[in-house]
Amino acid sequence: MSTENNSRPAAGATPSAGGAVESEPIKAIRLRHPWRIVFAVVLVIGFVLFIVDAAGREAYKWDFVAKYVFDRRISEAALNTLQLTVYSMVIAIILGVILAVMRLTPNPVVNSLAWFYLWVFRGTPVYVQLVFWGLLSIIYSSIDIGIPFMEPWFSFETNAALSTFTLAIIGLALNEAAYMAEIVRAGLLSVDKGQDEAATALGMTWFQTMWRVILPQSMRVIIPPTGNEVISMLKTTSLVTAVPYSFDLYTRSRDISAETFTPIPLLIVASIWYLFFTSILMVGQHFLEKRFARGVGAREDRKIDTMSGTLTGAVPLGSGQPTVVRPPGDGPPPTEPGGPR
């Protein structure tokens with residue numbers, strides 16, 4: 001009766017000079033997916049046919065597109081649209097952070113006021129809100145500053161104090177702040193409660209805890225939806241004609257098309273500028289996400305021995321703990337922290 005030798009090298013393995021077993025490199029063969037290639041070719045052909053067809057369509061009037069894409073009126077309107085987006089988003093982000101903190105406070109009055117604000121501005125269309133802001137001078141003919149029920153210290157005519165550009169910014173910002181509040185609140189809630197407790201145990205104030213511990217960790221959750229909201233705000237500026245503000249990109253191109261009777265080319269011109277700004281914002285969003293996601297979900301480095309084709313380094317094998325794979329002939333294998341079993 002013979003016993004089996006468990007230390008015998010496996011089939012295909014080559015013993016080294018020191019007696020250790022070296023594994024042969026694995027030869028991986030890429031799977032073929034012919035239908036993927038066919039589908040990709042069909043898509044490319046369809047895209048090329050669309051471009052060729054669009055280039056010959058008379059309704060597009062590409063000569064008008066080339067004429068007005070850099071027209072001074074269009075470029076100024078594009079700058080106004082960009083200003084509306086930036087100013088509105090800055091105000092919305094600041095107000096959204098305040099509302100998010102109010103929603104998380106244990107004070108029931110403050111919490112209820114924040115909830116009521118979100119309920120109103122998220123529950124009504126932004127176009128309707130902008131119409132109300134356009135009618136502000138009818139609701140409030142003057143803006144009075146002073147003690148209530150007494151003679152005001154200062155009084156201003158609403159139309160003189162607030163231009164349509166300012167009203168458009170206020171309307172867009174207040175609507176967007178309701179959505180930013182929920183985004184910020186979700187980011188703050190994504191940070192483990194232990195982080196707050198640890199910061200408090202170290203003697204940090206609430207402001208220091210939020211600024212140094214909570215907000216940096218929540219940014220990786222806040223940045224992606226905020227980037228989407230910025231892009232959405234850029235396109236929402238086309239609704240400020242409800243205020244009415246008529247010097248944004250879409251309204252200006254529409255007015256020019258009414259003069260030249262070429263609505264389609266001017267729509268293409270506006271779309272080109274929107275796509276240009278959106279592309280820049282998407283690139284900025286990508287780098288911001290990459291900046292704040294550093295160290296999240298990172299894996300340990302894995303190295304491949306070029307001689308034997310074996311893996312070295314820390315490799316997760318599904319047991320919940322990384323397992324160190326060392327090259328053959330490099331000493332005895334490491335033991336677990338609890339000792340051999």
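Mentor: Start with one face of helix 3. Ile74, Ser75, Ala78, Thr81 and Leu82 in helix 3 meet a set of residues in helix 12: Leu266, Val269, Trp273, Tyr274 and Phe277. Sorted by class, this contact of helix 3 with helix 12 has 8 nonpolar residues, 2 polar ones and no charged ones. Bear in mind that the model is predicted.

Now the geometry. Two packed helices are described by the angle between their axes and the distance between the axes. For helix 3 and helix 12, the axes come within 11 Å and cross at roughly 45°. That angle makes helix 3 oblique to helix 12. The crossing of these two helices, helix 3 and helix 12, is right-handed.

Helix 3 covers residues 72–104, and it packs against helix 8, residues 164–189. The angle here is about 45°, and the axes of helix 3 and helix 8 are 5 Å apart. Helix 3 is therefore oblique to helix 8. The contact of helix 3 with helix 8 has 23 nonpolar residues by class, along with 4 polar and 4 charged ones. The crossing of helix 3 and helix 8 is right-handed.

Rolling a probe the size of a water molecule over the atoms shows where empty space is left. In the largest pocket, that space is about 330 Å³. The pocket is lined by 13 residues, and the closest to its centre are Leu104, Leu188, Lys193, Asp196 and Met210. Which helices supply at least two residues each of the lining? They are helix 3, helix 8, helix 9 (193–201) and helix 10 (206–236). Helix 10 gives the largest share of the lining, 3 residues. By class, the lining of the largest pocket has 9 nonpolar residues, 1 polar residue and 3 charged residues.

Go back to helix 12, and look at its other partner here. Helix 11 spans residues 249–260 and helix 12 spans residues 263–292. Their axes come within 8 Å and cross at roughly 160°. Helix 11 and helix 12 are therefore roughly antiparallel to each other. Their crossing, helix 11 with helix 12, is right-handed. On the helix 11 side, the residues in contact are Leu249, Tyr250, Ser253, Ile256, Ser257 and Thr260. On the helix 12 side they are Pro263, Leu266, Leu267, Ala270, Trp273 and Tyr274. By class, the contact of helix 11 with helix 12 has 9 nonpolar residues, 3 polar ones and no charged ones. Leu266, Trp273 and Tyr274 of helix 12 meet helix 11, and these residues of helix 12 also meet helix 3.

Two backbone details remain. The loop between helix 10 and helix 11 holds Pro244. A cis peptide bond joins Val243 and Pro244, with omega about 10°. Lys61 lies in another loop, between helix 1 (34–56) and helix 2 (62–68). Phi of Lys61 is near 50°, a positive value in a residue other than glycine.

Conventions. Residues numbered from 1 in each chain as written. Predicted model: local features only at pLDDT ≥ 70, side-chain atom pairs only at ≥ 80, totals over all residues. Heavy atoms only, no water. Axes fitted to C-alpha atoms, helices over the stretch in contact; angles between N-to-C directions. Helix = DSSP H or I, 4+ residues; strand = E, 2+ residues; numbered from the N terminus. Parallel < 35°, antiparallel > 145°, perpendicular 65-115°, else oblique. Left-handed = near helix turned anticlockwise from the far one by under 90°. Nonpolar A, V, L, I, M, F, W, Y, C, P; charged D, E, K, R; others polar. 1 Å grid on protein atoms, 1.4 Å probe; cavity = no way out; pocket = protein on both sides within 12 Å on 5 of 7 lines; lining within 4 Å. Points joined across faces, edges and corners; volume = space filled by probe spheres on them. Contact = heavy atoms within 4.5 Å.
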